[in-house]
Amino acid sequence: MDRVAVVGIGHSKFGRRTDVNVAELAFESIKKAVDDAGVNKKDIQNVIIGSAGGWYEESLPAVIVNEYAGLDGVGTMRVEAACASGSAAVKTAYNSILSGEAKIAMAVGIEKMTEVDTLTSIELIGRAGSYMWEFENFGMTFPAYYALYAVAHMNKFGTTEEDMSRVAVKAHHYGAMNPLAQFQKEITLEKAMGSQVVSWPLKLYDACPLTDGSASVILASEEVAKGLTDTPIWIKGVGYSSDSANLSRRSDFVGLQASVDAAKRAYAMAKVTPDMVDVATCHDCFTIAELMAYEDLGFCKKGEGAKMIREGQTELGGRIPVNLDGGLKAKGHPIGATGVSMAVEITKQLRNEAGSHQAPIKNGVGLVHNVGGTGHYAYVTILSRN
């Protein structure tokens, strides 16, 4: 089987971007990725747009984005997997190369979430649960969903509000090192613990923000990649899975089964084990989500996520550094762009291009974990230098 590598990466500034429309925002990352790969745009045969949509002016963004970027006539489509739309785009671009359909393909993640008011965003995100049962009848919002997970984890494993606040402090610490992050200011544990309660036990600093942003990666077949760059980053494994949209049909609320299944498939495909991962990005839409991800991805035993953050195991210098770009919590979470942004960060890490937040790379293995909905979708992508 042919191999597929990341040969170009691009990333826009994340935040409230009233200065650009959706096509202009996408172009910011597309141009950087094209320049980084050193390819001619006419050689890109397939462009996959990852976007949940509904927040911004265009309902059919793929052609709008491509036309503005000078990619007229290219094969294209938009894919949606809620907050995992970006990883779904990377997976689809990867498949187009593996199938022989394309030698060079691009995945673009894009979302512009601040064009609607906050209450409308709460409804749009709330509808990403199980609309008729949970949102319409009981008014479940996304903070409420993850508050259920937090309470269950606290009751079963003794995880505390302070443990979750430690995740926020870590995210803002590394966000302060990332010039493209939405929040670039460190916070203290006291500030996080004292912030406004959103849905107990979750507080303001336990939640990611609404964000505008884009990210792009260019993928190439093995033959083409070796001709383009001396530092191809290979996609070694992609695992993905799904679970019921209705939380009442899930067996527990202390983890995401879709993440567990996706991780097992990705590790098996890549022929690696969790202890071989040098650096990871995990889906921390809420701080409890990062603690559960440590466990679901096999970085520790079930119930030991809080121990990892208390002991600094997921910081620089720790056993498995996680979210060194600030994560969704501080870098920002433009839904459709997040999975691609994570792949950009891990590619930088494996190329030793992450600057002040560079992790030591021993095995040459990085991991991207991206969740959609309340665990409806999960994608785990393993990248490698070899």
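On a 1 Å grid over the protein atoms alone, a cavity is a set of points where a 1.4 Å probe fits but cannot get out, and lining residues have an atom within 4 Å of a point. This is a predicted model, in which local features need pLDDT of at least 70 and side-chain atom pairs count only at pLDDT 80 or more, while totals for chains, interfaces and linings use all residues. Residues are numbered from 1 along each chain as its sequence is written, and side-chain values use heavy atoms, with hydrogens and water left out.

Start with the cavity. The whole structure holds 1 cavity of 30 Å³ or more. The largest cavity has a volume of about 40 Å³ (the space filled by probe spheres set on the grid points, which are joined across faces, edges and corners). Its lining consists of Y146, L256, H283, A289, M292, A293, D296, H369 and V371. The top contributor is α11, with 4 residues. Helices (H or I, at least four residues) and strands (E, at least two) are DSSP runs, numbered from the N terminus.

Now the sheet. It is open and has 9 strands, in the order β3-β2-β4-β7-β1-β8-β11-β10-β9, with mixed pairing. Two strands pair if DSSP finds at least two bridges between them. At the edges stand β3 (75-79) and β9 (279-281); each has a single partner strand, so one side of each lacks a neighbour in the sheet. Neighbouring strands are turned by 25 degrees against each other on average, direction ignored. Strand β2 (residues 46-50) pairs with β3 in the parallel sense over 5 bridges. There, N46 stands opposite G75.

Buried means under 20% relative accessible area, exposed over 50%, and partly exposed in between (1.4 Å probe, protein chains only). In β7, 10 of the 10 residues are buried, so the strand is largely enclosed by the rest of the structure. In a regular strand the side chains alternate between the two faces of the sheet. One side of β7 carries D212, S214, S216, I218 and A220, the other G213, A215, V217, L219 and S221.

Contact means heavy atoms within 4.5 Å. Helix α1 (residues 22-37) lies across β1 (4-11), β4 (104-112) and β7 (212-221), at about 130 degrees to β1. Helix α10 (residues 257-270) touches β8 (233-242), β10 (365-372) and β11 (377-384), making about 145 degrees with β8. Axes are lines fitted to C-alpha atoms, for helices over the stretch in contact, and angles run from 0 to 180 degrees between N-to-C directions.

Strand β8 contains V238. This residue counts as buried because its relative accessibility is 10%. Leaving out residues up to four places away in sequence, V238 touches K91, Y94, A266, M269, V380 and T381. The C-alpha atoms of V238 and Y94 are separated by 9.4 Å, though the residues are 144 apart along the chain.

Finally, the core. A nonpolar core is a set of buried Ala, Val, Leu, Ile, Met, Phe, Trp, Tyr and Cys residues joined through side-chain atoms within 4.5 Å. The largest has 117 residues, and Y146, V217, I218 and F299 have the most contacts inside it. Helix α6 (residues 142-157) gives the most to this core, with 8 residues.

How values were computed
1 Å grid on protein atoms, 1.4 Å probe; cavity = no way out; pocket = protein on both sides within 12 Å on 5 of 7 lines; lining within 4 Å.
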